[in-house]
Amino acid sequence: MRVVRGNILTIGPAGASQREAIFTALRRADIHPSLGLKAPPLRAQFDTDVLELHRGEEMRREPVRYHALSRNDDGRFVGFFLDFGWDHPNDSIRELDLVFPDEADRNVGAYFDATIIVSQYLFENALAKRVRWRVRAHGERVPQRHQRHGARLVAKQVERHPVTGEWMNTYIFEFAIADYQRLLQRIGEDGSTDDYAKSRSGIWDVLRSRGN
């Protein structure tokens, strides 16, 4: 599996120590509800890569994959993505969730870098054809930050919080491999060999400036 390096972070498969850190994070009360978990995962579930995820009133046992994020400068593990099929376990449309367990690691640059490199990582390793993620928001204003990543809004849902039951707006964004390939072709980059950190055209800046 090829790892991908961004400006700040590197993404790759989660090793044994990173998986243990992920399990510890998923058991925290400030983390698991944001992923759609009503309760922390059981050890047996986690070890078999299954989570009980809630979407509104529906609960599904989802086979998931974990991808570790580490800092480029010191190699320190700082966060992770999990992905699972949108409609069924083998769906090439993958839903993403991003977690930075330590508040000190949560900043706009890290979130932006992680969101960009996960697409290249999943597409170039043939793990997805489209990626989607959900953004919860108060009120009717559509979050704009995700459109700067080259993503587009595909749906809005009103659903209940998995723990509190409170109604909330959820916006679903998508970035497709076709969009990604068109972008690479336009700026003359090869996603199979280039890292964002070494990109001659500065793909990080192209996406940041809404290039698509």
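This is a predicted model: local features need pLDDT of at least 70, side-chain atom pairs count only at pLDDT 80 or more; totals for chains, interfaces and linings use all residues.
Close-up 1. When neighbours within four places in sequence are left aside, E62 is in contact with D49, V50, L51, L53, F84 and G85.

**Close-up 2. Strand β6 and its two pairing partners, β5 and β7.** Strand β6 takes in residues 77-85 and is mostly covered, with eight of its nine residues buried. Strands β5 and β6 run antiparallel and are joined by six bridges, and among the bridged residues R65 has D83 in β6 as its partner. The two strands β5 and β6 form a hairpin with five residues between them, and in the turn G75 has a positive phi of about 75°. Strand β6 also pairs with strand β7, residues 93-99, again in the antiparallel sense and over six bridges. In that pairing of strands, F80 stands opposite V99 in β7.

**Close-up 3. The aromatic cluster of F23, F46 and Y66.** The structure has a count of five aromatic pairs. In one of them, F46 and Y66 have ring centres 5.1 Å apart and planes at 40° to each other, an arrangement described as tilted. F46 lies in helix α2 (residues 43-47) and Y66 in strand β5 (residues 65-71), so this pair ties together parts that are 20 residues apart in sequence. F46 counts as buried at 1% relative accessibility, and Y66 is likewise buried, with a relative accessible area of 6%. Together with F23, the residues F46 and Y66 form one aromatic cluster. The ring of F23 also has a charged side chain over its face, namely that of R43, at 4.2 Å from the ring centre.

**Close-up 4. The ring pair of F123 and F175.** The ring centres of F123 and F175 lie 6.2 Å apart and the ring planes meet at 35°, so this pair, too, is tilted. F123 is part of helix α3 (residues 108-124), while F175 is part of strand β10 (residues 167-176), so the pair ties together parts that are 52 residues apart in sequence. F123 counts as buried at 5% relative accessibility, and F175 is buried as well, with a relative accessible area of 5%.

**Close-up 5. R132 over the ring of W86.** In this view R132 lies over the face of W86, at 4.8 Å from the ring centre.

**Close-up 6. The loop residue A14 and its contacts.** A14 is found in the loop between β2, residues 9-13, and α1, residues 16-26. At 19% relative accessibility A14 counts as buried, because the cut-off for a buried residue is a relative accessible area under 20%. Once neighbours within four places in sequence are left aside, A14 is in contact with R19, I22, Y66 and A68; of these, Y66 is also a member of the aromatic cluster with F23 and F46. A14 and L69 are 55 residues apart in sequence, and their C-alpha atoms are 8.4 Å apart in space.

Definitions and conventions
Residues are numbered from 1 along each chain as its sequence is written. Side-chain values use heavy atoms; hydrogens and water are left out. Rings of Phe, Tyr and Trp (its six-membered ring) pair if their centres lie within 6.5 Å; planes under 30 degrees apart count as stacked, over 60 as edge-to-face and the rest as tilted. Helices (H or I, at least four residues) and strands (E, at least two) are DSSP runs, numbered from the N terminus. Buried means under 20% relative accessible area, exposed over 50%, partly exposed in between (1.4 Å probe, protein chains only). A charge sits over a ring if NZ of Lys or CZ of Arg is within 6 Å of the ring centre and within 35 degrees of the ring normal. Two strands pair if DSSP finds at least two bridges between them. Contact means heavy atoms within 4.5 Å.
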